[in-house]
Amino acid sequence: MEAQDQRNFIIFMVVSILFLFAYQALILEPNAERRREALEAAEVEREAQAAIAPPVELAASIPDALDRDARVSFDTASVDGSIRLRGAMIDDLSFKDHFQSVDR
């Protein structure tokens, strides 16, 4: 390498290293700090919601749970069940071709 090329290479390396340090200090660290603060705020909010939310009541039996909310029934070739309208959750599902034992 000639002296001019070595000088240009050293200048390039110094500028590149300075750019990387500046990028980390000015861009990455503030973003990481904001992300950390958002996660902490979300955790505090989740804890507050958990403290406020009433405990979940479990139904005594499946028929009681099915009668509690309005539902839309469905029946296909391989599955049947119902969808709870509040929350649009499929929590009653039966597979027609699945058996509990080897005997049909």
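Is R46 buried or exposed? In this predicted model, R46 is exposed, having a relative accessible area of 52%. The value lies over the 50% cut-off, and R46 is therefore classed as exposed rather than partly exposed. E43 is partly exposed, at 34% relative accessible area. Both residues belong to helix α1, where a spacing of 3 residues corresponds to about one turn of the helix.

The structure contains 3 salt bridges. Another of these joins R36 to E33, whose closest N and O atoms are 2.6 Å apart. R36 and E33 are likewise placed in helix α1, and because they are 3 residues apart, about one helical turn separates them. R36 is partly exposed, with a relative accessibility of 42%, and E33 also falls in the partly exposed class, with a relative accessible area of 35%.

A further salt bridge is formed between the side chains of K96 and D75, at an N to O distance of 2.4 Å. This pair connects distant parts of the chain: D75 is located in strand β1 (residues 71–75), K96 lies in the segment after β3 (89–95), and the two are 21 residues apart. In terms of accessibility, K96 is partly exposed at 35%, whereas D75 is exposed at 59%.

Helix α1, which spans residues 3–52, also carries the aromatic pair formed by F19 and Y23. The count of aromatic pairs in the model is 1. The rings of F19 and Y23 are stacked, with a centre-to-centre distance of 6.3 Å and an angle of 25° between the planes. The pair is classed as stacked because this angle is under 30 degrees. F19 and Y23 are 4 residues apart in the helix, so that about one helical turn lies between them. F19 is exposed, with a relative accessible area of 54%, while Y23 is partly exposed at 39% relative accessibility.

The relative accessibility of S82 is 4%, and S82 is accordingly counted as buried.

Terms used:
Residues numbered from 1 in each chain as written. Predicted model: local features only at pLDDT ≥ 70, side-chain atom pairs only at ≥ 80, totals over all residues. Heavy atoms only, no water. Phe/Tyr/Trp six-rings, centres within 6.5 Å; stacked < 30°, edge-to-face > 60°. Buried < 20%, exposed > 50% of the residue type's maximum accessible area, 1.4 Å probe, protein only. Salt bridge = Lys/Arg side-chain N within 4 Å of Asp/Glu carboxyl O.
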